[in-house]
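Subject: Structure for your review

Dear colleague,

Please find below the structure that I am handing over to you. A summary of what was found follows it.

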Amino acid sequence: DNLGIKNATLNVWNATSLVNQTTTNFVPGTVEVSLGVVVTIVDNLYSWFYSLFDWSGNNFVTKNYSFTIDSTPPVITNISYSPNTNATIDPATPITFNASLTDNLMGVQKVILQYYNGTGWNNETMSNVSSSNFNVSFITAPVNQNYTFNIWYNDSFGNYNRSLNYSFVSYWDCTWQVTTNRVGFESTFGSVAGFNAIKYIGNIT
């Protein structure tokens with residue numbers, strides 16, 4: 001400005017309000033300057049612009065610029081798997097894993113199920129099946145095995161996290177209970193368990 005820059009005001013907005021307004025004043029005769037202002041702000045989407053005045057009262061406003069501050073990974077909830085009981089998880093059984101993930105700024109980028117099947121860790125990418133819901137399936141090994149799993153996830157800014165480890169077992173089990181409801185002869189033979197074996201459960205008359 002050939003008349004000299006009097007002041008420059010930085011305006012920083014989020015989606016709803018002005019979060020910072022910083023004015024820098026200059027001495028008369030300042031016709032050119034490089035200006036930087038340090039502003040402390042939290043995670044959010046922002047826009048900013050400068051408003052400048054010269055010593056004659058002329059005003060110039062820059063165009064709007066935008067930026068995003070995102071230092072927080074997505075939030076994970078509702079981790080589950082199905083089937084989910086010892087009686088229903090057997091070798092060679094398909095298991096479906098589900099989780100809900102949200103990220104209010106940049107969005108969830110990738111969700112990976114990590115599971116240990118007794119011999120090594122494996123990765124399965126989970127699919128976004130609806131809004132915040134992700135799932136994936138795998139088939140358990142054809143032998144009795146203990147499993148440990150967790151879910152790794154990140155957003156498009158590279159913020160990542162991992163859930164706690166969870167465990168379940170997959171083994172052959174056959175459990176049944178025999179009872180009679182005949183009036184006057186109500187009885188139970190108790191629970192009997194076994195696999196590929198002949199079991200004596202009692203007399204039925």
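Which residue in E11 is the bridge partner of Asn128? The partner is Phe134. Please note before reading on that this is a predicted model.

The strands around that bridge may be described next. Strand E10 covers residues 127-130, and it pairs with E11 in the antiparallel sense over three bridges. Two residues lie between the strands of this hairpin, and Ser131 there adopts a positive phi near 35°.

As to the chain overall, it contains 16 strands and zero helices. It has 205 residues, of which 27% count as buried. When contacts between residues at least 6 apart in sequence are considered, 55% of them join residues at least 24 apart. The accessible surface of the chain amounts to about 13000 Å², and carbon and sulfur atoms account for 52% of that area.

Aromatic side chains deserve a separate paragraph. The structure has 16 aromatic pairs. One of them is formed by Phe97 and Phe138, whose rings are stacked, at 5.3 Å centre to centre and with 15° between the planes. This pair links distant parts of the chain, since Phe97 belongs to strand E7 (residues 94-102) and Phe138 to strand E11 (residues 133-139), 41 residues apart. Both Phe97 and Phe138 are buried. The two residues also belong to a cluster linked by ring pairs, in which Tyr81, Tyr115, Tyr147, Phe149, Tyr166 and Phe168 take part as well.

The loop between E7 and strand E8 (108-116) is the next region, and Gly107 lies in it. Leaving aside neighbours within four places in sequence, Gly107 makes contact with Asp155 and Ser156. From Gly107 to Pro73 the C-alpha to C-alpha distance is 9.4 Å, while the two are 34 residues apart in sequence.

Met106 is found in the loop between E7 and E8 too.

With kind regards

Conventions
Residues numbered from 1 in each chain as written. Predicted model: local features only at pLDDT ≥ 70, side-chain atom pairs only at ≥ 80, totals over all residues. Heavy atoms only, no water. Phe/Tyr/Trp six-rings, centres within 6.5 Å; stacked < 30°, edge-to-face > 60°. Helix = DSSP H or I, 4+ residues; strand = E, 2+ residues; numbered from the N terminus. Buried < 20%, exposed > 50% of the residue type's maximum accessible area, 1.4 Å probe, protein only. Contact = heavy atoms within 4.5 Å. Pairing = 2+ DSSP bridges. Areas by Shrake-Rupley, 256 points an atom, 1.4 Å probe, with all protein chains shown as cover.
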